[in-house]
Amino acid sequence: MTNSHAENAQDGQHRPDPQAPDAPRGDQGDHAAQDEATRRLAKAVLAAEQALIEFEIAVETFRVEVENFSRLHHQRLGPMYARLDELDAQIAEAVAARTGDPEDIRKAKEARASVLPMPNVEELFHGWVGSEGLFPEAQAMLTEQSVQPPQKVRPSEETRKVYRDLVRKAHPDLARDDAERTRRDAFIARVNAAYGRGDEAALRELAQEWEAGPAPAVARLSESEELYARLEWLAERKELLSAVAAELEESAIGAMIKMAPQDPDALLDEIAEKLLADVAEREAYLAQLVG
């Protein structure tokens, strides 16, 4: 401490010493450092939010692809699988009739039980298979007659762009309070439903609705503790999404899509060709048994 500082302290005066401004400058430096750390943390939170939203868009896009491909798979191949099950039952019954062996009879009963009418089977196969067997459209497909192909629900590139832009604006992860999150959750549910239908017009209407609605809560910088908590929440959310993505990728349909991501229809054609060959093979074998 300088002499002038000592004198000021003793007599209660507060005359600043221009030669020794260390204390005030030190306080300002600490505040500046804290402000800079907070700004950097806030930037990290914003970056993590945007990264999470992009990840969620990717996961949701893949989920829609899996759902749509699963629908096409059932529509296109479901009747073939049903035909194979029916042929297997008929073959088992023919073998049992020939041999009379109790084991063959048991196998025949099991095979027949697997093709008995099931509840809601029409819904399961989207109108291709009824509780009484194959519909005429499915029979036509199996006999290679002309039949209207199943409706494809695969969002166009423009639809995907509208969807991504809308999700980036209205995503619930951008909410800063419970009320805003609730509003965004409900809105994004409608967005996802429209995207799942491949309905570009509905998505554009939703985009207009969002622009006309309440303004999204403005992201506000808060204390470092709140920012750290936000980062932790974002990390937990990403872990959850990673688990969902892994489950989709490891599913049978997800694995099929990964085999032919650019042209999944070609993969369906390949599987259909193999199933038709299996049907022909079983029909020939059945003809030999009962002939």
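Author: Helices (H or I, at least four residues) are DSSP runs, numbered from the N terminus. This is a predicted model, in which local features need pLDDT of at least 70, side-chain atom pairs count only at pLDDT 80 or more, and totals for chains, interfaces and linings use all residues. Residues are numbered from 1 along each chain as its sequence is written, and side-chain values use heavy atoms, with hydrogens and water left out.

Reader: What makes Arg63 and Glu60 a salt bridge?

Author: The term requires a side-chain nitrogen of Lys or Arg within 4 Å of a carboxyl oxygen of Asp or Glu. The closest N and O atoms of Arg63 and Glu60 are 2.7 Å apart, so the pair meets the definition. Both residues belong to helix H2 (residues 22–99), where three residues, about one turn of the helix, separate them.

Reader: Why is Glu60 called buried, and why is Arg63 called partly exposed?

Author: Buried means under 20% relative accessible area, exposed over 50%, and partly exposed in between (1.4 Å probe, protein chains only). Glu60 has 14% and is therefore buried; Arg63 has 28% and is therefore partly exposed.

Reader: What separates Asp278 and Lys274 in helix H11?

Author: About one helical turn separates them, because they are four residues apart in helix H11 (residues 264–290).

Definitions and conventions. Helix = DSSP H or I, 4+ residues; strand = E, 2+ residues; numbered from the N terminus.
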